[in-house]
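Please look over the model shown here before reading on.

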Amino acid sequence: MDSVLEMKDICKTFYGDGIVVKANDHVNFSLNKGEIHAILGENGAGKSTLVNGLFFPPDSGHIFINGVEVNLDNPLTAIKEYKLAIARQDLSKSLIERHTVAENILSFSEGFFLSLAEIERAIKKALQKFNLGDINPKAKVWKLSGGEKQRVEILKALITNPSILILDEPTAMLTPPEIERLFSLLKNLKEEGKSIIIITHHLEEAINLSDRITVLRHGEVVGVLDTQKLRKDYANEKEAIMHLASLMVGKEVLYDLHQDKVHTGTIVVELDDAVVNNDMGDAVVHGISLHLKTNQILGLAGISGNGQRELIEGLFRWRNLEKGRIKIRGQDVTNKPIKKVRELGVAYIPEDRRKALIFDLSVRDNLMLNSYQNSKSLIIDRSRIIPETEALIRRYNIKTTSPLSPIRSLSGGNRQKVVVAREFSLKQGKDLILIAENPTFGLDVGTTQFVREELLRKRAEGAAILLVSSDLTEIMSLCDEIAVIFKGKIMGIISRENATREMIGLMMGGAHQTEVLV
Amino acid sequence: MVDYILMFSSIVAAATFFLLPTLGEIYAERSGILNLGIEGMIIASAAFSYAIAYSTQNLWIGVLSGMLLGGVLSGIHAIISITFTRTQVVSGIGLTILGTGLSGILGRGVIGKAIDTLENVHIPFLSDIPFIGEIFFDHPILVYFSYIMVPICWFILYKTRIGILIRSVGENPEAAYNQGVNVNLLRFACVIFGGMMSGLGGAYLSLGYLNFWSEGMTQGRGWIVIALVVVALWNPLGAFLGSYIFGTFDVMKYYFQQFLPTPVLKMAPHVSTILFLAIWGIILSRQKVKSIVGAPTSLAVPFEKS
Ligand SMILES: Nc1ncnc2c1ncn2[C@@H]1O[C@H](COP(=O)(O)OP(=O)(O)OP(=O)(O)O)[C@@H](O)[C@H]1O
Ligand SMILES: [Mg+2]
């Protein structure tokens with residue numbers, strides 16, 4: 001088969017004070033025509049760096065398109081001349097928050113004048129054609145949910161009608177039905193002869209969707225697999241996943257999560273009849289009540305954009321409650337300052353990392369954001385804090401050139417690890433109340449496993465955990481109770497023993513608990 | 001008895017001096033480059049255009065020279081801050097110092113020398129409207145130019161492809177670059193446009209408004225332009241409104257001389273600037289408002305290709 005894209009001997013090195021990271025170390029990669037090629041690897045393995053090498057020149061290496069060596073030195077040549085398109089992982093470098101969806105999709109416009117109305121119409125048409133769901137082209141990007149942003153990013157790539165489409169973790173924030181629709185779209189595109197590169201941490205996606213898989217580890221290729229053969233060689237999907245995972249990490253990683261039986265304890269968070277507005281001032285949370293107990297993981301399942309974000313932000317005092325009250329450990333904290341809420345031991349892992357990290361500060365400084373205030377004197381007690389942050393970097397295996405490198409320089413998954421590390425260590429045992437929004441989003445299999453274990457361990461130690469997730473597998477394997485949210489209302493709260501995936505799925509689509517429990 | 005027509009007409013004259021550079025700086029800042037060198041560019045251009053007009057006896061060559069000098073000076077800022085990604089604040093302040101020094105040299109020969117300056121141009125029909133005509137349409141042509149530049153600048157910024165690109169580059173240069181936009185070229189163009197508008201403002205000051213050259217004649221009003229951009233919310237229409245408000249403060253000092261001591265009046269434009277900025281700052285600091293109208297997200301942040 002002829003390859004449309006060939007990358008040979010690609011090297012890319014990043015330098016951080018004294019330490020050198022070889023993000024790509026003599027990587028060879030080839031993409032056949034009409035193929036879906038998955039790239040797998042741990043966080044920081046160099047996947048994003050590799051595909052970005054098609055838009056910014058790597059340090060060294062050769063790139064061939066249709067057999068001809070090309071010089072892709074800026075995005076414009078790649079997009080216009082060679083018909084490449086990419087949906088990036090780091091949306092903060094790709095979407096302009098303050099602009100509308102239409103203004104973000106610049107590739108549409110040509111000539112001097114510009115009819116936004118026309119672009120908006122074209123976007124609506126394209127959304128329909130690609131079956132990407134409903135997004136208002138007039139909406140400002142900052143008002144969109146994570147999943148919606150991701151769909152805009154995918155649309156932005158698709159709309160240029162590329163012959164090589166690259167998707168860097170496109171499914172991280174999508175719901176199962178959205179993922180299904182995306183995959184059937186990708187299969188159609190493949191039928192049309194397009195070639196697709198997809199980067200993902202969901203190994204089953206790679207196994208079910210791709211034709212070939214390239215696995216990267218520490219910047220080097222450790223294997224190129226034929227997916228069909230892989231499916232044949234292993235008895236079931238699970239074993240194939242295990243094989244891939246151990247190839248990625250270099251050792252056995254996946255095993256079943258073990259959830260100890262723990263009796264849930266006392267109520268620590270009481271949310272009563274909360275009404276919260278979105279940024280446009282419309283109520284999107286309509287009188288939700290939730291109780292969170294120690295030794296408990298309460299899951300909040302729902303398709304993104306159903307009021308989860310506003311509910312959590314209201315709970316965490318990021319926005320005002322229009323109605324209702326919040327009590328934490330018996331204290332009324334309704335519309336009290338965020339500092340007070342934090343002092344009661346509320347840790348928060350937001351869906352959007354930018355809400356939790358200061359990108360230009362170092363990894364160390366970001367890790368100290370919770371603890372620097374505990375210093376006794378005016379001066380931050382660095383001699384005590386530095387060892388703590390070092391320990392966190394080791395424990396959570398944060399891959400960074402140095403603790404002093406800015407967050408900006410970390411790979412997506414490692415940024416997430418910084419947030420998780422800091423928030424998990426806010427308080428110990430029963431003192432910890434954890435609100436986690438899609439905490440494993442963007443993490444590789446090994447780290448995902450690790451974070452999930454940590455969640456269970458924290459639960460066993462007595463923490464009260466609210467887990468907001470659109471990943472049903474995560475919800476089903478971790479939670480004691482599952483609340484399902486739909487259009488700003490709770491459709492019901494079911495204990496895990498009584499819940500099935502189908503029930504939760506139906507409730508996420510708007511069925512009430514009473515309709516699904518038979 | 002105050003001559004109201006004269007008063008309003010001089011407000012227009014004063015406001016134009018603010019309006020021209022503000023429109024230019026709005027473009028520069030929209031593209032993400034803060035140029036604190038406005039004051040320097042204005043004063044150097046004021047001296048240069050007056051000197052050139054004096055020696056060539058041609059006013060328009062004078063005006064064009066002023067624009068050109070503004071463009072060249074801002075080009076220095078552009079090279080430092082865009083090509084070499086250095087701190088924009090330092091480079092801008094340096095430009096002001098440079099421009100002020102330059103103005104002394106360029107204008108040395110023409111201090112106190114008089115020339116015929118830009119004439120008021122009569123526009124048939126418009127100038128004949130009572131009141132309005134006398135207030136708005138009895139001015140040098142540069143004033144009319146400022147009128148039409150307001151809607152043109154607004155239209156380009158919001159309704160054309162290049163306008164969206166300029167705004168994108170100021171919001172998130174990386175995102176724009178990833179879509180194939182030439183970030184540096186756009187920023188260069190905007191900064192130089194800003195410099196030329198400042199130069200035009202300077203030429204207007206010495207050749208169309210005050211009609212002489214003397215050292216330090218801007219009285220620091222170039223700095224007010226920087227505040228005006230904020231007050232205008234980076235919008236050309238806002239620039240129009242803001243310039244006229246500040247123009248009013250500027251002119252009022254002549255009319256209140258009988259009621260208030262001169263030093264207080266001289267302070268008025270500057271104090272009102274601070275007050276305005278403070279009030280604006282409080283309004284704009286609300287997160288929600290910021291997401292809608294605040295400063296361009298990447299203002300003054302150098303862009304380095306990764
Ligand atoms: N701009 C940068 N400066 C310094 N180091 C960088 C930079 N970008 C990436 N790196 C480093 O290069 C390595 C590879 O990063 P890359 O983003 O390619 O990882 P990835 O495989 O995409 O991981 P993830 O799954 O977390 O997205 C990481 O160790 C990262 O810290
Ligand atoms: Mg990546």
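The sections below describe these topics in turn, for what is a predicted model.

Because A:Ser48 belongs to helix 1 (residues 47–52) of chain A, while A:Gln89 sits in the loop between strand 6 (84–87) and helix 3 (101–104) of chain A, the pair ties together parts that are 41 residues apart in sequence.

## The interface of chain A and chain B

Chain A contributes 30 residues to the contact and chain B contributes 28 residues. The area buried between chain A and chain B is about 2500 Å², and carbon and sulfur atoms give 55% of that area. On the side of chain A, the residues that lose the most area to chain B are A:Lys93, A:Arg98 and A:Leu106, which together make up 27% of what that side buries.

Across the interface of chain A and chain B there are 2 salt bridges, and one of them joins A:Arg98 to B:Glu171, with the closest N and O atoms 2.8 Å apart. Polar contacts across the interface of chain A and chain B amount to 9 residue pairs, both residues of each being at pLDDT 80 or more. Helix 2 (75–81) and helix 3 of chain A are the elements that give two or more residues to the side of chain A that touches chain B, and helix 2 of chain A gives the most, with 3 residues. Sorted by class, the side of chain A that touches chain B holds 13 nonpolar, 9 polar and 8 charged residues.

Within chain B, B:Leu95 is placed in helix 4 (residues 88–106). With a relative accessible area of 3%, B:Leu95 is buried, since the term applies under 20%. Apart from neighbours within four places in sequence, the residues in contact with B:Leu95 are B:Asn35, B:Gly37, B:Gly40, B:Met41, B:Leu73, B:Ser74 and B:His77.

How far apart in space are B:Leu95 and B:Ile282? From C-alpha to C-alpha, B:Leu95 and B:Ile282 are separated by 30 Å, and in sequence they are 187 residues apart.

How values were computed: Residues are numbered from 1 along each chain as its sequence is written. Chains are lettered from A and ligands numbered from 1 in the order in which they are written. This is a predicted model: local features need pLDDT of at least 70, side-chain atom pairs count only at pLDDT 80 or more; totals for chains, interfaces and linings use all residues. Side-chain values use heavy atoms; hydrogens and water are left out. Helices (H or I, at least four residues) and strands (E, at least two) are DSSP runs, numbered from the N terminus. Contact means heavy atoms within 4.5 Å. Buried area is the accessible area (1.4 Å probe) that two parts lose on being put together, summed over both. A salt bridge is a side-chain nitrogen of Lys or Arg within 4 Å of a carboxyl oxygen of Asp or Glu. A polar contact is a pair of N or O atoms within 3.5 Å; within protein, one must be able to donate a hydrogen and the other to accept it, and residues adjacent in sequence count only if both atoms are side-chain atoms. Ala, Val, Leu, Ile, Met, Phe, Trp, Tyr, Cys and Pro count as nonpolar, Asp, Glu, Lys and Arg as charged, and the others, Gly among them, as polar. Buried means under 20% relative accessible area, exposed over 50%, partly exposed in between (1.4 Å probe, protein chains only).
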